Amino acid sequence: MDWTVGTYLAYLAVSVPLIVWVATTLARNGKVFLADVFAGNDELAVAVNKLLVVGFYLLNLGFVSLYLRISDPVRDLGGLFETLSVKIGVVTLTLGVLHFFNVYVFNAIRRRSRMESLRTAPVAPQGHLPPVASYTHPYPAPGRA
């Protein structure tokens with residue numbers, strides 16, 4: 001008896017809900033982070049959050065679909081679990097790497113926006129000082145008379 005189709009079904013039954021759960025968790029908890037990254041621009045944060053969720057689904061469901069194929073037929077229940085563990089392990093590692101990459105990118109954006117905010121003056125200039133004439137030292141340097 002060939003267990004390959006059962007492995008396909010079990011793989012999809014585990015990986016697709018896993019992707020949906022991770023996407024909804026990231027979208028729900030990422031709203032606060034994105035609001036901070038985009039300095040209170042809530043509309044932009046919500047829009048970017050939705051775009052990230054769509055991209056997350058497309059990337060991960062595409063990966064799961066491409067990784068569905070099994071080269072050797074699965075002969076028994078033990079082979080089903082072995083094949084399934086490798087496939088689900090690769091999917092979860094991929095989800096984790098993508099998550100950390102996203103956090104890194106948004107942290108870099110956040111850090112950059114904070115540095116930009118530090119470069120601007122807290123108040124507008126209120127006056128102008130004329131240039132100062134160059135200062136000459138009253139004592140000459142040694143060796144110069």
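Within the protein chain, confidence is lowest in α3, where the mean pLDDT is 85, and highest in α2, where the mean is 90. The model is a predicted one, and across the protein chain as a whole the mean pLDDT is 84, with 92% of the residues reaching 70 or more.

The packing of α1 against α2 was examined next. Two packed helices are described by the angle between their axes and by the distance between those axes. For α1 and α2, the computed angle is about 160°, and the axes lie 9 Å apart. Because angles over 145 degrees count as roughly antiparallel, α1 is assigned a roughly antiparallel orientation relative to α2. The crossing that α1 and α2 form is right-handed. When the residues in the contact of α1 with α2 are sorted by class, 19 are nonpolar, 4 are polar and 2 are charged.

The largest pocket has a volume of about 270 Å³, and its lining comprises 15 residues, of which Leu26, Gly30, Leu52, His99 and Asn102 are the closest to the centre of the pocket. Two or more residues of this lining are contributed by each of α1, spanning residues 4-37, α2, spanning 42-66, and α3, spanning 77-119. The largest share of the lining comes from α1, which supplies 7 residues.

Notes
Residues numbered from 1 in each chain as written. Predicted model: local features only at pLDDT ≥ 70, side-chain atom pairs only at ≥ 80, totals over all residues. Heavy atoms only, no water. 1 Å grid on protein atoms, 1.4 Å probe; cavity = no way out; pocket = protein on both sides within 12 Å on 5 of 7 lines; lining within 4 Å. Points joined across faces, edges and corners; volume = space filled by probe spheres on them. Helix = DSSP H or I, 4+ residues; strand = E, 2+ residues; numbered from the N terminus. Axes fitted to C-alpha atoms, helices over the stretch in contact; angles between N-to-C directions. Parallel < 35°, antiparallel > 145°, perpendicular 65-115°, else oblique. Left-handed = near helix turned anticlockwise from the far one by under 90°. Nonpolar A, V, L, I, M, F, W, Y, C, P; charged D, E, K, R; others polar. pLDDT = per-residue confidence, 0-100.
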